[in-house]
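Look over the sequence and the structure before reading on.

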Amino acid sequence: MEYHHASFEVRGEGEHGRLIWITDVLPDSVAPEIRIRTQLGIIEMKQAIEAAALQNTEPS
């Protein structure tokens with residue numbers, strides 16, 4: 001990979017939020033692999049956030 005730049009933005013939307021993940025890579029031929037990795041990363045982050053939220057709502 002010759003170039004990689006990524007950024008996150010989190011926007012509140014009512015009781016939920018929206019994660020915007022922007023990634024720019026060169027050469028363009030690596031984009032499909034990066035897309036797969038990004039999608040898997042989003043799934044893992046969502047699971048971690050939901051698990052943490054569940055722990056915070058359970059009685060001690």
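A residue counts as buried when its relative accessible area is under 20%, and as exposed when that area is over 50%. By this cut-off, Ile34, Thr38 and Gly41 are buried in helix α1. The model is predicted. The chain holds one helix and two strands, and 7% of its 60 residues count as buried.

**Overall layout**

- Read from the N terminus, the elements follow the order β-β-α.
- Taking contacts between residues at least 6 apart in sequence, 23% link residues at least 24 apart.

**Helix α1**

- Helix α1 covers residues 31-57, which makes 27 residues.
- From its first C-alpha to its last, α1 reaches 39 Å, close to the 39 Å expected at 1.5 Å a residue.
- The partner of the buried residues of α1 is β2 (16-26), against which they pack.

**Largest pocket**

- Rolling a probe the size of a water molecule over the atoms shows where empty space is left.
- The volume of the largest pocket is about 310 Å³.
- Its lining consists of Val10, His16, Gly17, Leu19, Ile42, Met45, Lys46, Ile49 and Glu50.
- Two elements, β2 and α1, each give two or more residues to this lining.
- The largest share of the lining, five residues, belongs to α1.
- Sorted by class, the lining of the largest pocket has five nonpolar, two polar and two charged residues.

**Second largest pocket**

- The second largest pocket holds about 220 Å³ of space.
- Along its lining are Trp21, Ile22, Thr23, Asp24, Val25, Ala31, Ile34, Arg35, Thr38, Gln39 and Ile42.
- Here again, β2 and α1 are the elements that give two or more residues.
- Helix α1 supplies six residues, the largest share of the lining of the second largest pocket.
- By class, this lining has six nonpolar, three polar and two charged residues.

**Residues to find in the model**

- Ile42 lines the largest pocket and also lines the second largest pocket.
- Ile34 and Thr38 are buried in α1, and both line the second largest pocket.

Conventions. Residues numbered from 1 in each chain as written. Predicted model: local features only at pLDDT ≥ 70, side-chain atom pairs only at ≥ 80, totals over all residues. Heavy atoms only, no water. Helix = DSSP H or I, 4+ residues; strand = E, 2+ residues; numbered from the N terminus. Expected span 1.5 Å × (residues − 1). Buried < 20%, exposed > 50% of the residue type's maximum accessible area, 1.4 Å probe, protein only. Contact = heavy atoms within 4.5 Å. 1 Å grid on protein atoms, 1.4 Å probe; cavity = no way out; pocket = protein on both sides within 12 Å on 5 of 7 lines; lining within 4 Å. Points joined across faces, edges and corners; volume = space filled by probe spheres on them. Nonpolar A, V, L, I, M, F, W, Y, C, P; charged D, E, K, R; others polar.
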